[in-house]
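Thanks for asking me to look this one over. Here are my notes, in numbered points, to read with the model open beside you.

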Amino acid sequence: MQWYLAPVYPAPKVSSLNHTLSEDSTALTSSLPCPQDSFPSYISPLAAPTPSQPSTAIPSPARPTPSPSAKLRLKVGYYKRSCPQAENIIRAAVRSATSKNPGIGAGLIRLHFHDCFVQGCDASVLLDPTPTNPQPEKLSPPNVQSLRGFEVIDLAKKALEKVCPGRVSCADIMAFAARDASLFLSSGRINFQMPAGRLDGRVSLSSEALQFLPPPFFNLSQLVANFKAKNLDEDDLVVLSGAHTIGVSHCSSFTGFLAPNPPAMDPAFAAKIQSKCALSSNTSSGPTVMQDIVTPDRLDSRYYTNILKRNVLFASDAALMSSQRTSIKVLENAFVPSRWEMRFAKAMVKMAAIELKTAANGEIRRMCRVINN
């Protein structure tokens with residue numbers, strides 16, 4: 001798929017950046033309100049587990065304040081009676097996968113995002129092609145050959161069906177898996193409870209993925225409008241974009257941003273990326289590069305420092321510096337990592353409540369890749 005060159009966005013002066021990062025951060029952070037005052041009680045950082053053997057224990061359920069669309073159905077501890085081991089089983093599957101390959105954790109977070117923005121959080125992105133629907137979401141250009149983590153969802157679902165068949169939806173498995181991937185990739189710093197009670201959808205269309213997923217060439221106005229359509233605001237946009245600190249990107253997603261001399265990208269960084277990406281690469285199966293070359297396997301706030309240094313891959317990343325409001329949010333997240341971690345947890349819960357299915361148009365699938373007969 002061909003991506004187009006994004007408009008040129010104002011970039012910060014690199015010459016003043018080092019001074020800002022080293023000398024002004026104390027003044028900025030002291031002027032910011034305490035993050036603990038801004039978040040519900042169900043989001044709170046706990047002691048970080050040892051990265052190699054993180055704990056699989058689930059915190060005692062607390063009562064969140066979900067979005068209006070989810071208020072009547074989603075709740076923390078949803079499976080406490082119907083399938084008490086559900087969250088532990090899913091967490092164990094995610095821990096096993098991410099300990100072998102952190103990139104799978106990044107894939108699970110992205111998989112959840114791509115699911116929720118199309119048909120809502122209903123696991124529609126998991127559905128395989130069929131004779132009656134040969135082009136589901138997973139075969140859409142933004143998804144095909146780039147989404148990862150399907151096998152982790154399958155393994156978790158298989159284990160759950162043995163213990164409590166027909167109880168846990170694939171949509172909830174995806175939400176828990178994204179939550180747990182965040183936990184492990186952040187070494188326990190991003191630790192929150194995920195409300196559950198979603199149903200699985202029966203519709204999955206490739207065309208809708210193209211319609212609703214924000215492409216990497218969007219400018220800020222387009223990004224804000226895209227998120228607003230999903231009941232997410234500008235702060236959610238900036239915070240959730242921080243997930244670009246992990247995983248890899250196909251060169252075909254941003255080569256238009258590279259050629260010939262990208263004004264919104266640091267020249268040295270651009271040269272390094274250009275050496276790894278052939279500018280003629282325009283297929284999703286082409287070469288890939290790390291989205292964050294400093295801490296590629298860690299879910300942290302480094303993404304925002306990368307934006308300030310113009311070391312980001314997408315025009316949509318650079319776009320966050322094109323307004324004063326979003327620039328301030330970038331600075332806050334760069335200078336106060338704990339603040340971003342708590343905001344990220346809150347935004348993940350909010351995103352996971354997008355356009356939920358009801359009994360009229362949803363089900364609990366027996367297998368995540370196919371709808372029930």
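1. A disulfide joins Cys116 to Cys121, with an S to S distance of 2.0 Å. Please keep in mind that this comes from a predicted model. The torsion about the S-S bond is 120°, and the link of Cys116 and Cys121 is right-handed. Cys116 counts as buried because its relative accessibility is 0%, and Cys121 counts as buried too, at 1%.

2. How many disulfides does the model hold? The count comes to 4. Counting the bonded cysteines along the chain, the pattern is 1-4, 2-3, 5-8, 6-7.

3. Next, Cys83 and Cys164: a disulfide joins them, S to S 1.8 Å. Cys83 sits in the loop between α1 (14–31) and α2, while Cys164 sits in the loop between α4 and α5, so the pair ties together parts that are 81 residues apart in sequence. Cys83 and Cys164 are both buried.

4. Cys251 and Cys277 form another disulfide, with their sulfur atoms 1.8 Å apart. The torsion about this S-S bond is about -60°, so the disulfide of Cys251 and Cys277 is left-handed. Cys251 is in the loop between β2 (248–250) and α9 (255–258), and Cys277 is in the loop between α10 (267–276) and β3 (288–290), so this pair ties together parts that are 26 residues apart in sequence. Both cysteines, Cys251 and Cys277, are buried.

5. Helix α4 (residues 150–163) passes a simple length check. At 1.5 Å a residue, its 14 residues should span 20 Å, and the end C-alpha atoms are 20 Å apart, which agrees.

6. Which residues of α4 are buried? They are Phe150, Val152, Ile153, Ala156, Lys157, Leu160 and Glu161. These residues cover an arc of only 165° around the axis, which puts them on the same side of α4. The buried residues of α4 pack against α2 (86–100), α3 (102–116) and α5 (170–185). On the face turned away from that buried side, α4 carries the exposed residues Leu155, Lys158 and Lys162.

7. One loop residue deserves a look as well: Ser124, in the loop between α3 and α4. Is Ser124 buried or exposed? Ser124 is buried, because its relative accessible area is 0%, under the 20% cut-off. Leaving aside neighbours within four places in sequence, Ser124 is in contact with Asp115, Val118, Gln119, Glu137, Val203, Ser204 and Arg365.

Methods
Residues numbered from 1 in each chain as written. Predicted model: local features only at pLDDT ≥ 70, side-chain atom pairs only at ≥ 80, totals over all residues. Heavy atoms only, no water. Helix = DSSP H or I, 4+ residues; strand = E, 2+ residues; numbered from the N terminus. Expected span 1.5 Å × (residues − 1). Buried < 20%, exposed > 50% of the residue type's maximum accessible area, 1.4 Å probe, protein only. Arc of directions from axis to C-beta. Contact = heavy atoms within 4.5 Å. Disulfide = S-S within 2.5 Å.
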